[in-house]
Amino acid sequence: MRERFPATGALAAAVALIVVVGGAWFGYRELAGDKCSGQVKLSVAAAPEVAADVRATADQWVADGAAVGGVCVQVDVGETNPVDLAAALAAKHGVALVGVGGASGSTAIPDVWISDSSIWLQRLGAAAPGFTPTDGGSIALSPVVVAMPEPIAKNFGWPEKKPGWADMLQQITTGTDLRAGIVEPTRDAAGMSGLLSLGAAASAAGANAQQAQTAALRALAVGRSAVRDDLTAKFPQAADAASIASGLSVAALSEEDVIRYNAKKPPVPLAAIYIDPAPVPLDYPYAVMPGTDPDRTAAAEALHQALNGAGFRDRLGALGLRAPDGTGGTGFAAPTGGPATAASSGAKGAGAAAPDPAAVDKALTTWATVTAPARMLAVFDISGTMRGEVPTAGGASRMEVTKEAARRGLALFGDDWAVGVWVFSTNLGGGKDWRELAAIGPLSSNRQDLIAKIGQIQPKENGDTGLYDTLAAAYETVQDGWQPGRVNSVLILTDGIGNDDPEGGLSLPALLNKLEDLKDEKRPIQVIILGLGDAVNRSALDQITKTTGGGVLVAEDPAKIGEAFLKGISLRPTK
């Protein structure tokens with residue numbers, strides 16, 4: 001924040017400022033009187049972190065005699081969150097962007113938009129062919145880094161060493177030491193950039209790519225925040241070991257975010273880790289909106305030239321931002337271990353290529369679906385065969401490895417999930433093959449109760465597998481409480497060959513007919529069946545999920561049920 005006049009001299013300073021500014025404007029008008037006439041009014045919407053300095057540079061430019069084609073220029077610079085203007089532009093062009101939501105009626109379309117990332121322009125251009133802004137050159141740059149509290153970063157060898165994305169992915173998804181977070185990537189460019197890099201690392205996991213990606217997204221979702229200030233507030237606020245262990249451990253932020261955070265002298269400073277390959281940086285493109293008339297377009301081009309000057313570069317340095325070429329102006333100090341020159345990118349920048357808009361859209365759609373609030377009924381097979389040992393799990397029973405997978409799965413689910421638990425076999429009371437342990441309810445209030453009840457599940461000695469009647473009842477239960485805005489699903493965990501009910505009950509054709517009758521395209525329900533072992537009747541189960549939607553995942557080695565579990569929760573309705 002800039003220094004203010006001392007309170008004792010505020011009045012005198014204010015009077016002096018009015019005299020100086022007023023006199024300067026009067027003098028300019030007198031000097032420019034024979035050089036320009038009329039007035040072009042140019043409106044600029046800038047990202048909050050650069051708006052004040054764009055405004056100061058524009059005001060100086062105007063005071064120095066801004067004119068185009070003999071016409072005087074007036075510039076109005078407003079501070080606008082990029083996602084708000086993206087929503088307004090999407091609405092204007094009749095399109096929707098994943099996760100952006102509706103536009104505020106108070107957000108006006110400017111002549112020039114300076115967002116924090118070219119990705120916004122690319123997403124809009126891909127969705128709306130009529131959105132064709134001009135210019136697009138960068139006015140500033142801030143690399144996207146992995147931010148960590150310094151004590152945690154030192155465990156990774158910082159600042160002498162830096163981890164790769166594969167290392168980071170493994171720590172986030174399988175370790176217990178890192179608490180990851182992210183700013184909602186559908187609405188924040190730094191979060192979006194970090195998500196793309198982590199997703200690329202997951203895609204390199206080969207056959208395990210899908211579950212690696214799902215695990216990464218769920219881990220990030222647990223610590224996500226709507227805005228950057230909320231996310232940074234989760235970092236440790238005290239230097240003791242307990243605070244560091246319980247606080248946020250890692251998040252993708254801009255270099256400028258880290259500089260600004262550390263400038264406040266927090267008890268635990270943040271380290272900025274520059275991982276290779278570098279995420280897409282924030283490049284602050286200068287975009288002249290389509291439909292801007294020639295006079296204002298000429299004024300916009302002239303203002304851009306003013307923003308390319310040394311004065312604005314030095315203003316950027318004081319903000320913790322780099323010039324478009326990746327170098328720092330006067331007053332800029334990179335975080336410890338940071339490069340003197342950062343790679344640039346963007347519509348007109350050199351260096352790393354901007355991401356393909358289709359890849360961005362796919363990544364954000366995957367994020368939105370995998371992390372969407374869900375409502376799930378988990379149904380555990382407790383037939384006698386679940387007592388069988390799993391040699392690859394140290395002799396633990398199938399029931400034990402299944403319960404452990406479920407416990408780990410619950411850790412991936414956010415508090416906005418609603419989960420219930422049933423068990424099934426045969427003759428579990430009241431003429432039913434199933435029994436409710438916990439009704440579907442919010443994890444925010446019943447997580448520990450569910451963990452305890454899952455831990456108490458035991459196989460029924462000599463119990464058979466009344467799968468079909470159970471599945472029909474579970475489907476109806478989820479349908480009766482169906483909730484919009486959530487992924488509604490039935491999760492079956494079984495090692496059976498299908499239906500094995502000596503008391504009769506539904507046959508497979510009867511079950512399929514019933515599910516077909518119950519199905520409502522406007523209220524989709526996913527049926528996800530996780531089969532354990534090599535005796536699972538895949539054909540019958542596939543027929544069921546083909547009718548309902550969902551899928552069958554079989555872990556022939558029950559010790560690997562966790563991988564199948566992750567694949568299962570990534571399945572989402574296609575409509």
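**Cavities, a pocket and salt bridges**

The lining of the largest cavity receives at least two residues from each of helix 6 (165-174), strand 7 (180-183), helix 7 (189-203) and strand 9 (250-254); helices (H or I, at least four residues) and strands (E, at least two) are DSSP runs numbered from the N terminus. The model is predicted, so that local features need pLDDT of at least 70 and side-chain atom pairs count only at pLDDT 80 or more, whereas totals for chains, interfaces and linings use all residues. Residues are numbered from 1 along each chain as its sequence is written, and side-chain values use heavy atoms, with hydrogens and water left out.

Cavities and pockets were located on a 1 Å grid over the protein atoms alone: a cavity is a set of points where a 1.4 Å probe fits but cannot get out, a pocket is an open set with protein on both sides within 12 Å along at least five of seven lines, and lining residues have an atom within 4 Å of a point. Grid points are joined across faces, edges and corners, and a volume is the space filled by probe spheres set on the points. Four cavities of 30 Å³ or more were found. The largest cavity has a volume of about 120 Å³ and is lined by 13 residues, with Trp165, Ile172, Leu220, Ala251 and Ala252 nearest its centre. Its lining comprises eleven nonpolar, two polar and no charged residues (nonpolar: Ala, Val, Leu, Ile, Met, Phe, Trp, Tyr, Cys and Pro; charged: Asp, Glu, Lys and Arg; polar: the others, Gly among them).

The second largest pocket has a volume of about 1100 Å³. Of its 36 lining residues, Pro48, Glu49, Glu256, Arg260 and Leu319 are the closest to its centre. Helix 2 gives the largest share of this lining, six residues. By class, the lining of the pocket holds 17 nonpolar, four polar and 15 charged residues.

The whole structure contains 23 salt bridges, each a side-chain nitrogen of Lys or Arg within 4 Å of a carboxyl oxygen of Asp or Glu. In the pair Glu184 and Arg224, the closest N and O atoms are 3.4 Å apart. Glu184 lies in the loop between strand 7 and helix 7 and Arg224 in strand 8 (residues 224-225), so this pair ties together parts 40 residues apart in sequence. Glu184 is buried, at 13% relative accessible area, and Arg224 is partly exposed, at 25% (buried, under 20%; exposed, over 50%; partly exposed, in between; 1.4 Å probe, protein chains only).
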